[in-house]
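Dear colleague,

Please find below the structure that I am handing over to you. My findings follow directly after it.

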Amino acid sequence: MQLEQLEKSIYDLVTETSTNLPKDVRRAIKKAKAAENAGTRAAMSLDTITNNIQMADDNVSPICQDTGLPTFKIKTPVGVNQLEIKAAIKRAIVSATKDAKLRPNSVDSLTGKNSGDNLGEGVPVMKFEQWEKDYIEMKLILKGGGCENKNIQYSLPTELEGLGRAGRDLDGIRKCILHSVYQAQGQGCSAGFIGVGIGGDRSSGYDLAKEQLFRHVEDTNPNPDLAKLEEYIVEKANTLGIGTMGFGGEATLLGCKIGVMHRIPASFYVSVAYNCWAYRRMAINIHPTTGEIIDWHYQDGEKIEFKEETTEEAPKKVVELQAPISEEQIRSLQVGDVVSITGRMYTGRDAIHHHLMSHDAPVDLNGQIIYHCGPVMQKDDEGNWHVRAAGPTTSIREEPYQGDIMKKFGIRAVIGKGGMGPKTLAALSEHGGVYLNAIGGAAQYYADCIKGVEGVDLMEFGIPEAMWHLRVENFTAVVTMDSHGNSLHADVDKSSLEKLSAYKEPIFN
């Protein structure tokens, strides 16, 4: 096999997967956008999402800053050297990371050190299978950490909040899948897609669930019972009112695909792989001798372009913010307000929050804004850093730290996605702080708002976890937790649980 050409083909697959949403996903998002009520927070979010999809495509830059764990599934003819393919995948991953198509995302689990090139023990994931066809099939999915953390596995029978007992039957499976959508809320960057694996053991069930995410959004399950269940889940999930980013609305789930396998008598697992709207999966067929791409998957049908499609009504109130922000200014904000930030903000994720609990901050954070973000960064020939992708990360991971850190350092605003919990909400009231929800996955939209990198601290934590000093203009976000004890996330969670309870009675006998 011509290894240089093979490596180029894999590099092209990685780049396309990271920067260009497949046609079937685009069509699903367009359909969701058409169904949303104009002028709502959900409509504004979908406008940002479609704008971001187009910008990523035009700029050949990552749709989402979170590379996730690159997972390859490869089928090879008998006699093809799989060791050569593994080596070519690793070289292509290193090149794509260097070219800022991927964020360096591989971290040593014991030391916390980032490898810097997306390689490491078990990374990337490569799963091989032989088949009788005469070409290589290579699939790739980039599934970010926010949606990966909302994967869930149920062991039947079980008791489910809002739905009661789920038994070892089709109706129990139905309840588990509906509950999986409810529990994801906006933290997994809804509106999302789910793959479901019924049966197997704990590991094979999850593998089957992820495999379903490689199916076409518009296909029909060959099993009539599962086809009926897939249709039911999408229909009912979209009545829960969770909506895009968990802001409420009509579009909560865009696709559901279910697979089934045998199990042992003692175990009955329902495994759900939740995927965000930034549904980055692609596949190619490769010539086994030349290493060239023969065909791309997911290319059938119309490709939706999202150029100049903004339909949302302008928000009635946009509050201009510039740090340092006073407590008085913060306490004037209410849930639902849209803010536009110009000036300085600082990134801070898991490592920064853990560090700040027991150390001084490297900069004065009094009155400042912390952005839960691990950007894709690239250094030019002069040594200057540039932001290539910079959407928000899921904030709930910082719940153990956030309130204490805000009070300790005088931080007035936190930006992230998916909301935070009661400890942070109490601190916002006590201290005079606010939580701002940015649009998850909109990495190009927010990168465009960042006009300069003015410094960086704590680079020993790696690029995603360092504290970047960013100069921004017109950075838009929505107040979803205010200093008066109000939380949109808590409200949506409560109302969606009430709606979920309507599906408690058996449907499938």
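Asn221 is buried in this predicted model: its relative accessible area is 8%, and a residue counts as buried because that value is under 20%. In the chain, Asn221 belongs to the loop that runs between helix 7 (202-212) and helix 8 (224-237).

The surroundings of Asn221 may be described as follows. Apart from neighbours within four places in sequence, the residues in contact with Asn221 are Arg215, Leu226, Ala227, Glu230 and Ile258. The side chain of Glu230 forms a polar contact with the side chain of Asn221, at 2.8 Å. As for Ala490, which is 269 residues apart from Asn221 along the chain, the C-alpha atoms of the two residues are separated by 35 Å.

The axes of helix 11 (residues 402-409) and helix 12 (residues 422-431) come within 8 Å and cross at roughly 20 degrees. Angles under 35 degrees count as roughly parallel, and helix 11 and helix 12 are therefore roughly parallel to each other. On the side of helix 11, the contact involves Gln402, Gly403, Asp404, Met406 and Lys407; helix 12 contributes Lys423, Thr424, Ala427, Leu428, Glu430 and His431. Sorted by class, the residues in this contact between helix 11 and helix 12 are 3 nonpolar, 4 polar and 4 charged.

With kind regards

Key. Residues numbered from 1 in each chain as written. Predicted model: local features only at pLDDT ≥ 70, side-chain atom pairs only at ≥ 80, totals over all residues. Heavy atoms only, no water. Axes fitted to C-alpha atoms, helices over the stretch in contact; angles between N-to-C directions. Helix = DSSP H or I, 4+ residues; strand = E, 2+ residues; numbered from the N terminus. Parallel < 35°, antiparallel > 145°, perpendicular 65-115°, else oblique. Contact = heavy atoms within 4.5 Å. Nonpolar A, V, L, I, M, F, W, Y, C, P; charged D, E, K, R; others polar. Buried < 20%, exposed > 50% of the residue type's maximum accessible area, 1.4 Å probe, protein only. Polar contact = N/O pair within 3.5 Å; in protein donor to acceptor, adjacent residues only side chain to side chain.
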